[in-house]
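Me: I would like to go through this model with you, one topic at a time. Could we begin with the overall make-up and then turn to the details?

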Amino acid sequence: MDVLRSAVLLFAASAVASPALLPRQASTVTVTQVASAPAPTATAWNSGAVDEFTIHSSCNNTEAAQIKKGLGETLILVRHARDHILRFGNSSEIYQKYFGNASTGEPIGWYTKIADGNKADLLFRCDDPDSNCGQEGWAGHWRGENATSETVICPLSYEVRKPLEALCGFGWDVANGKTNFYWASDLLHRLLHVPTVGEGIVEHYAEDYAEVIELAQTESSLSVRDSDTLQLFALEAYAHDISIPGEGCAGNLSSAEAASATDTPSPTLSEEPSATSAAPAECHTHADGVVHCS
Ligand SMILES: [Zn+2]
């Protein structure tokens with residue numbers, strides 16, 4: 001009897017378990033409840049970051065507006081220089097012209113640092129605390145040991161600097177024009193001298209366009225940290241990609257410029273009056289305290 005009862009029970013159990021014998025039922029939706037992860041606690045790691053350059057209260061509205069616009073153009077210029085390298089790497093002919101066979105990380109880094117880096121304490125001022133603006137040709141200067149993160153913009157800048165939209169205009173080309181013709185590249189130069197930006201690594205390893213081109217072929221490890229190279233590459237890439245697409249205004253170094261670049265000055269040249277020079281020399285102070293006039 002017990003055996004029979006067990007068999008019946010067993011049958012009943014298997015009958016319940018068999019899907020074929022189950023009544024048809026609506027499909028079951030299984031909802032998986034995922035316990036929500038605790039929201040990350042904000043660390044405010046970026047608290048205190050400064051995204052904009054500081055323009056000192058010594059600049060009047062007009063001066064501040066022009067410096068701000070110029071710095072904005074510097075950011076446009078360096079962002080494009082970086083993006084050109086990110087897009088084409090060292091297969092770019094413009095890259096090879098200025099940086100030879102050097103790897104791309106360093107110039108990308110310098111440009112990115114200016115474009116997206118913390119701008120705390122990068123101060124531009126319009127008073128003349130070091131009394132330099134009165135000297136002929138001084139359009140601005142880095143304050144050096146007096147205030148390493150400060151740059152003075154002298155009144156001459158507002159007269160002579162051109163906007164980035166004018167790149168390739170006025171007969172300017174990369175090979176023969178001066179890099180300080182435009183606000184964007186002039187301010188880039190000044191920023192690279194500030195120790196927190198150039199870290200004392202970006203310096204002048206080449207003096208002019210001819211030397212920049214030569215350096216790319218002979219010692220490209222210095223090209224990627226040369227101030228003029230970084231300015232000239234940015235200008236040529238922007239001119240070629242943006243200003244006059246596919247064409248740019250690279251230019252060819254005029255024979256007069258090339259000759260003066262390679263000539264060693266003879267002692268008699270120094271006796272000639274320099275005051276006849278049409279273009280005023282433009283000067284700035286370098287990290288090592290040396291005043292550079294061109
Ligand atoms: Zn310099």
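This is a predicted model: local features need pLDDT of at least 70, side-chain atom pairs count only at pLDDT 80 or more; totals for chains, interfaces and linings use all residues.

Me: What percentage of the 294 residues is buried?

Reply: Buried residues account for 31% of the 294 residues in the chain.

Me: And among contacts between residues at least 6 apart in sequence, what percentage joins residues at least 24 apart?

Reply: For the chain, that figure is 67%.

Me: Let us turn to the helices. At what angle do H2 and H6 pack?

Reply: Helix H2 (residues 61-88) and helix H6 (residues 183-193) pack at an angle of about 85°, and their axes are 8 Å apart. The two helices are therefore roughly perpendicular to each other.

Me: Which residues make that contact?

Reply: H2 contributes Gly-70, Leu-71, Glu-73, Thr-74, Ile-76, Leu-77 and Val-78, while H6 contributes Trp-183, Ala-184, Ser-185, Leu-187, Leu-188 and Leu-191. By class, the contact of H2 with H6 has nine nonpolar residues, three polar ones and one charged one.

Me: Is H6 buried or exposed?

Reply: Buried: 11 of the 11 residues of H6 fall in that class, so the helix is largely enclosed by the rest of the structure. The buried residues of H6 include Asp-186, His-189, Arg-190 and His-193.

Me: How many residues does the largest nonpolar core have?

Reply: The largest nonpolar core has 53 residues. Those with the most contacts inside this core are Leu-77, Ala-81, Tyr-98, Leu-188, Phe-233 and Ala-234.

Me: Which elements supply at least two residues each?

Reply: They are H2, helix H3 (93-99), helix H4 (105-116), strand S4 (150-153), H6, helix H8 (209-218) and helix H10 (227-243). H10 gives the most to this core, with eight residues.

Me: In which sense does S4 pair with S2, parallel or antiparallel?

Reply: S2 and S4 pair in the parallel sense, over three bridges. Leu-123 has Glu-150 in S4 as its bridge partner, and Phe-124 stands opposite Thr-151 in S4.

Me: And S4 with S3, parallel or antiparallel?

Reply: That pairing is antiparallel, and S3 and S4 are joined over three bridges. The bridge partner of His-141 in S4 is Val-152.

Me: Which way do the residues of S4 point?

Reply: Glu-150 and Val-152 point one way, Thr-151 and Ile-153 point the other way, and all are buried. In a regular strand, side chains alternate between the two faces of the sheet.

Me: On to the loops. Where does Asp-127 lie?

Reply: Asp-127 lies in the loop between S2 and S3. It counts as exposed because it has 11 C-beta neighbours inside 10 Å. Its C-alpha atom is separated by 8.1 Å from that of Ile-153, 26 residues apart along the chain.

Me: What is the phi of Ser-131?

Reply: Ser-131 has a positive phi of about 55°, although it is not a glycine. Most residues other than glycine have a negative phi. Ser-131 lies in the loop between strand S2 (123-125) and strand S3 (140-142), and counts as exposed with 7 C-beta neighbours inside 10 Å.

Me: What about the phi of Ala-44?

Reply: Ala-44 also has a positive phi of about 55° without being a glycine. Its place is in the loop between helix H1 (2-17) and strand S1 (54-55), and it is exposed, with 7 other C-beta atoms within 10 Å.

Me: Last one: where is Gly-48 found?

Reply: Gly-48 is found in the loop between H1 and S1, and is exposed, with 8 other C-beta atoms within 10 Å. Gly-48 and Asn-118 are 70 residues apart in sequence and 9.3 Å apart in space, C-alpha to C-alpha.

Note on methods
Residues are numbered from 1 along each chain as its sequence is written. Axes are lines fitted to C-alpha atoms, for helices over the stretch in contact, and angles run from 0 to 180 degrees between N-to-C directions. Helices (H or I, at least four residues) and strands (E, at least two) are DSSP runs, numbered from the N terminus. Angles under 35 degrees count as roughly parallel, over 145 as roughly antiparallel, 65 to 115 as roughly perpendicular and the rest as oblique. Two residues are in contact if their C-beta atoms, placed from the backbone, lie within 7 Å. Ala, Val, Leu, Ile, Met, Phe, Trp, Tyr, Cys and Pro count as nonpolar, Asp, Glu, Lys and Arg as charged, and the others, Gly among them, as polar. A nonpolar core is a set of buried Ala, Val, Leu, Ile, Met, Phe, Trp, Tyr and Cys residues joined through C-beta atoms within 7 Å. A residue is buried if 20 or more other C-beta atoms lie within 10 Å of its own, exposed if 12 or fewer, and partly exposed in between; C-beta atoms are placed from the backbone. Two strands pair if DSSP finds at least two bridges between them.
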